Amino acid sequence: MEEIRVFCPATIANISCGFDVLGVALDAVGDEMVVRKTKTPGIKITKIIGQNLPLETKKNVAGVAALALLDKSDYTGGFEIEIYKNIKPGSGIGSSAASSTGAVWAINELLGKPFSNLELVQFSMEGERLASGTAHADNVAPALYGGFTLVRSYEPLDIVKINTPKELYATVIHPQIEIKTADSRKILKTNITLQNGIKQWGNVGGLIAGLFTEDYDLIGRSLEDHIVEPIRSILIPGFNEIKTNSIEAGALGCGISGSGPSIFALSKGEATALKVAQAMKNTYQKIGIDYDVHTSKINPIGIKKI
Ligand code: HSE
């Protein structure tokens, strides 16, 4: 194979209680990427359609992730990358993760899959380091593994794939402002109280148990964040109204998607997820905020060839 076209899914990181460790891949939103082998060594980004992002390899997250892979490979040729961006940078649904994972996954396919998923996560994390200053894996892991993932440990890196309940749907609304992950990380406190720690790890355990046993009520009860949401939600217009109205419309729970400003809700069944989307839209229309909204099945496989 000389060339491949891939779909790179958007992802929701943190999922309320799991800051930097939990994430899930979406089905309805994502980027596309074309990667082809070249005789010239190295990585060349030839085209970016849809967003204004740097073509220079070392300044582009896809380029940096691909270089991290090449550094560990004995392949002597190179690759050209075309990126078709549908996910807006700074929207909170894993724009940089889609680009970096798309590049390394596609290159791995073209090389005959010499690297494991875990190694691809490590290469992609270099893209996240460039984008946000921290090599977090909670967006790149679900993009590569599909479904829900847990970063059980960063040192050593240990990723656990979590079951996806069959009737679970996500709704995501993006108020049309940009929040850079680097900025929304800077405002966080570096210490937490034991009291909040107890609440948070109770919820992480509850959410994982709920996902495995397909206990939707338990999933809903566990979608709480006592550490990050109270700080970051201040940056998001209408956050509290969207949350209250989504839950009233039937959502199991609602929180900040990644570092925001997108807000996500999880629901049982598509009909409820669509009702939640309508409630979110009504809320932003009432307060006069422009938005994009998506309702999506959970994507069980992650990145794929198209
Ligand atoms: N866990 C990261 C954060 C995700 O919340 O900063 C960024 O998309």
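Colleague: Where is N52 found?
Modeller: This is a predicted model. In it, N52 is found in the loop between β3 (42-49) and α1 (61-71).

Colleague: Is N52 buried or exposed?
Modeller: N52 counts as exposed because its relative accessibility is 78%, and the cut-off for exposed is over 50%.

Colleague: How many residues apart in sequence are N52 and K88, and how far apart in space?
Modeller: They are 36 residues apart in sequence. C-alpha to C-alpha, N52 and K88 are 9.8 Å apart.

Colleague: What about N60, where is its place?
Modeller: N60 also sits in the loop between β3 and α1.

Colleague: And is N60 buried or exposed?
Modeller: Buried, because N60 has 5% relative accessibility. The cut-off for buried is under 20%.

Colleague: Which residues does N60 touch?
Modeller: Leaving out residues up to four places away in sequence, N60 touches I45, I48, P54, I83 and L130.

Colleague: What lies 2.8 Å from a polar atom of the N60 side chain?
Modeller: The backbone nitrogen of A62.

Colleague: New topic. How many cavities of 30 Å³ or more does a search of the whole structure find?
Modeller: One. The volume of the largest cavity is about 60 Å³.

Colleague: Which residues line the largest cavity?
Modeller: The lining is N14, S16, F19, D225, V228, E229, G255, I256 and G258. By class, that lining has three nonpolar, four polar and two charged residues.

Colleague: Which domains does the lining draw from?
Modeller: Domain 1 (3-162) and domain 2 (168-297), with at least three residues from each.

Colleague: Last one, peptide bonds. Is the bond from E155 to P156 cis or trans?
Modeller: Cis, with omega near 0°. P156 is found in the loop between β5 (148-153) and β6 (158-162).

Colleague: What kind of peptide bond joins G260 and P261?
Modeller: A cis bond, with omega about 5°. P261 is in the loop between β8 (253-256) and β9 (263-268). Most peptide bonds are trans.

Terms used: Residues are numbered from 1 along each chain as its sequence is written. This is a predicted model: local features need pLDDT of at least 70, side-chain atom pairs count only at pLDDT 80 or more; totals for chains, interfaces and linings use all residues. Side-chain values use heavy atoms; hydrogens and water are left out. Helices (H or I, at least four residues) and strands (E, at least two) are DSSP runs, numbered from the N terminus. Buried means under 20% relative accessible area, exposed over 50%, partly exposed in between (1.4 Å probe, protein chains only). A polar contact is a pair of N or O atoms within 3.5 Å; within protein, one must be able to donate a hydrogen and the other to accept it, and residues adjacent in sequence count only if both atoms are side-chain atoms. Contact means heavy atoms within 4.5 Å. On a 1 Å grid over the protein atoms alone, a cavity is a set of points where a 1.4 Å probe fits but cannot get out, and a pocket is an open set with protein on both sides within 12 Å along at least five of seven lines; lining residues have an atom within 4 Å of a point. Grid points are joined across faces, edges and corners, and a volume is the space filled by probe spheres set on the points. Ala, Val, Leu, Ile, Met, Phe, Trp, Tyr, Cys and Pro count as nonpolar, Asp, Glu, Lys and Arg as charged, and the others, Gly among them, as polar. Domain bounds come from an automatic or database domain assignment.
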